[in-house]
Amino acid sequence: MPDLSVPYMGLALKNPLVASSSPLTESPDSIRRMEDMGIAAVVLPSLFEEQLQIESAALDEDLWRGAEEFAEATTYLPDLSRYNTGPDGYLELVRRSKHAVAIPVIASLNGVTPSGWVRYAKHIEQAGADAIELNLYTLETDPLRTGEEIEESYCDLVGQVKSSVRIPVAVKLSPNFSSIANMAKRLDRAGADALVLFNRFYQPEFDIEALEVVPRLHLSQPHELLPRLHWAAILHGHVKANLAVTGGVHSAVDVLKCMMAGANVAMMTSALLENGVRFAHRVLADMDQWMEEHEYASVKQMIGSMSHRSVPDPRALERGNYMKVLSSYALRLR
Ligand SMILES: Cc1cc2nc3c(=O)[nH]c(=O)nc-3n(C[C@H](O)[C@H](O)[C@H](O)COP(=O)(O)O)c2cc1C
């Protein structure tokens, strides 16, 4: 039997398949079921900076930029009670999940501004989480804010979370930076123990009958894996942080590709939502079979084997490939 175990930011995982943050990880029962199906670790749904700011406003005067702003923030917030249970409930979820399963439980904080709420990371650690994933999901719409300012504030934030806890901190980042490689390096320097590639951005739908812009969530498609593989392959070996891939992982072959590109773990949500949690068992069995057929003794030996550093022709991962891709299509037309 091949050895599927992998290290992930200091945690010993029995295999590289992790359930990413979603409603599938919002209850200890569901997490237990995932453990039964072989999933090696889970990331809990994110707790949002806005929820924490509101909760801690009374405690943290720094956060008060005015009662008006506070009132505005609370009216804008959707009712999240069906998604996560708010700050106190969240700590309870961490505790109960830890009690229910032996696999690592990673909490998720969604925030982008370094401020008082960051202290909440400490409570998450005390509640027993094995690690924290910092979900840097934001949409920067202020034309006066420069890319440099935004990037600096992200690095600050990571530094602040890191300095408030001892458990590992992963950063789930966006693919939308002018230089992903530079951003990855800076987050690495700020202390990120893992980089999770990449956040999926959800675009609102335009309802032209109702003249309303409405939220709409589409599950991922397998082709979304490609940019993630590409960047895992480029970053592998250039940052100390471990790499994780999230977005478009739909099969055992996808997980194997993530490993070969340079990730230590592959995360899954859409495929589990579509096929049921039982699907994880099949993915792991297929991985096992593929590795036996191809005489791989362990997953560890394949990590990074197709990364920029390892492939015989690294230009395949560079700009030169652009021209090659375009010309390959033209040839097919003949
Ligand atoms: C219904 C739903 C809720 C999600 N909630 C969160 C969340 O709270 N925090 C987060 O970081 N990602 C969240 N995600 C994103 C997933 O963790 C994952 O990164 C994304 O779905 C891409 O992976 P996939 O292709 O395997 O679905 C959510 C995804 C879905 C479908």
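Colleague: Which residue of β12 is the bridge partner of Thr-246?

Modeller: In this predicted model, the partner of Thr-246 in β12 is Met-267. From β11 the chain passes through helix α9 (residues 252–261) to β12, in a β-α-β crossover that is right-handed.

Colleague: What makes β11 and β12 (residues 265–268) a strand pair?

Modeller: A pair needs at least two bridges, and β11 is joined to β12, which runs parallel to it, by three bridges; the two strands therefore pair under that criterion.

Colleague: Why is β11 called largely enclosed?

Modeller: A residue counts as buried when 20 or more other C-beta atoms lie within 10 Å of its own, and five of the five residues of β11 (residues 242–246) are buried, so the strand is largely enclosed by the rest of the structure. The burial concerns both faces, with Asn-242, Ala-244 and Thr-246 on one side and Leu-243 and Val-245 on the other.

Colleague: Which strands make up the closed barrel, and how do they pair?

Modeller: The barrel has eight strands in the order β3-β4-β5-β6-β7-β8-β11-β12, with parallel pairing, and the twist from one strand to the next averages 25°.

Note on methods
Residues are numbered from 1 along each chain as its sequence is written. This is a predicted model: local features need pLDDT of at least 70, side-chain atom pairs count only at pLDDT 80 or more; totals for chains, interfaces and linings use all residues. Helices (H or I, at least four residues) and strands (E, at least two) are DSSP runs, numbered from the N terminus. Axes are lines fitted to C-alpha atoms, for helices over the stretch in contact, and angles run from 0 to 180 degrees between N-to-C directions. A residue is buried if 20 or more other C-beta atoms lie within 10 Å of its own, exposed if 12 or fewer, and partly exposed in between; C-beta atoms are placed from the backbone. A crossover is right-handed if, with the strands pointing away from the viewer, the path from the first strand over the helix to the second runs clockwise.
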